[in-house]
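Here is a short briefing on how the parts of one protein chain meet.

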Amino acid sequence: MSAAVIDALSGRGVALPATPAPDGEEDLQLALFVCYELAYRGWDGVDDRWEWDPDLLRLRAALEHRFESALHRLAGPAAAVDPATVPARLADLAAADDGPSLSRFLRGRATHEEFREFVIHRSVYQLREADPHTYVIPRLAGVAKAALIEIQLDEYGGGVVTRMHQELFKNTMRWFGLNQAYGWYVDAVGADTLATNNVMSLFALHRRHRAAVLGHLAAYEMTSTIPNRAYAGGLRRLGGDRDATAFYDEHVEADAVHEQIAAYDMCGSFAAAEPELAGDLLFGARCALALGARWAAAVLDAWKSGRSSLRQVTEP
Ligand SMILES: [Fe+2]
């Protein structure tokens, strides 16, 4: 499925498959990732007009239907909730998150090679950090919009290129001797990593998911401070210098503030303005946490059984 999409996009005169029949989870996630990237920075040698090609969009919609069904099974469908309870419910979800086991391992025990693998997985998102959530700005108004912009401004370094989180992450990659080119390691990561990225694109590119994308961002911000402190500590333990840890140190500071803005100003205000979507906010948060936990468990599982967590090693 993904190979057929790639062949069609490459302009080799190959028609898109008429019906989507992904050969497993990895094939589904890779095909979706290839489609979604057309809405970000595109693919070298691929005509930008593919982004709005009706046949490709029809195919993508069928793949998204499968992905959304899987998300409902994984995170439970959106249920109606009292909009006033949204900030407290988000805090409960964040408190119950079992993702930190990976950050504890990285802080205390991970080898240089394991931490390097972690950075490779994360590079797929961090080199475009914040970009998916930016898509929702024109779909909002008032307090929720202002709150999202306040968060995004920090993510984009207040307009200073060296302080953009996307750029700060390159310092960490450089310290590990990794290739900092956008998308370089997409081939090296498996379905779980691609799914954590695809869920953001799915939510970001559809207006009907505008609440889910806010819930997703809130979950990220509300579960960020403790793991990022652990990542910074782990990297210092391995000899990482100030430049190498700057990305993580920055998130310890910034996300403690973002946590409150995201829960109350952004999600709380949005839920008050569009109460029928309050359940979608929580659905988005649950998807972020469930996919993150699934990914973290797979990475830890690989390391604990002496395997690489990458599907192939791509050298810079
Ligand atoms: Fe950030």
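Into which domains is the protein divided? There are two entries: domain 1 (2–71) and domain 2 (79–304). These bounds come from an automatic or database domain assignment.

The model is predicted: local features need pLDDT of at least 70, side-chain atom pairs count only at pLDDT 80 or more, and totals for chains, interfaces and linings use all residues. Residues are numbered from 1 along each chain as its sequence is written, and side-chain values use heavy atoms, with hydrogens and water left out.

**Interface extent**
- The centres of domain 1 and domain 2, taken over C-alpha atoms, lie 25 Å apart.
- Contact (heavy atoms within 4.5 Å) links 16 residues of domain 1 with 27 residues of domain 2.
- Between the domains, about 1,900 Å² is buried; this is accessible area (1.4 Å probe) that two parts lose on being put together, summed over both.
- Carbon and sulfur atoms give 62% of that area.

- Four salt bridges are counted between domain 1 and domain 2. The rule asks for a side-chain nitrogen of Lys or Arg within 4 Å of a carboxyl oxygen of Asp or Glu.
- Arginine 41 and aspartate 131 form a salt bridge through their side chains, at 3.3 Å from N to O.

**The domain 1 side**
- α2 (25–37) and α3 (54–75) each supply at least two residues of the side that touches domain 2. Helices here are DSSP runs (H or I, at least four residues), numbered from the N terminus.
- α2 gives the most to this side, with eight residues.
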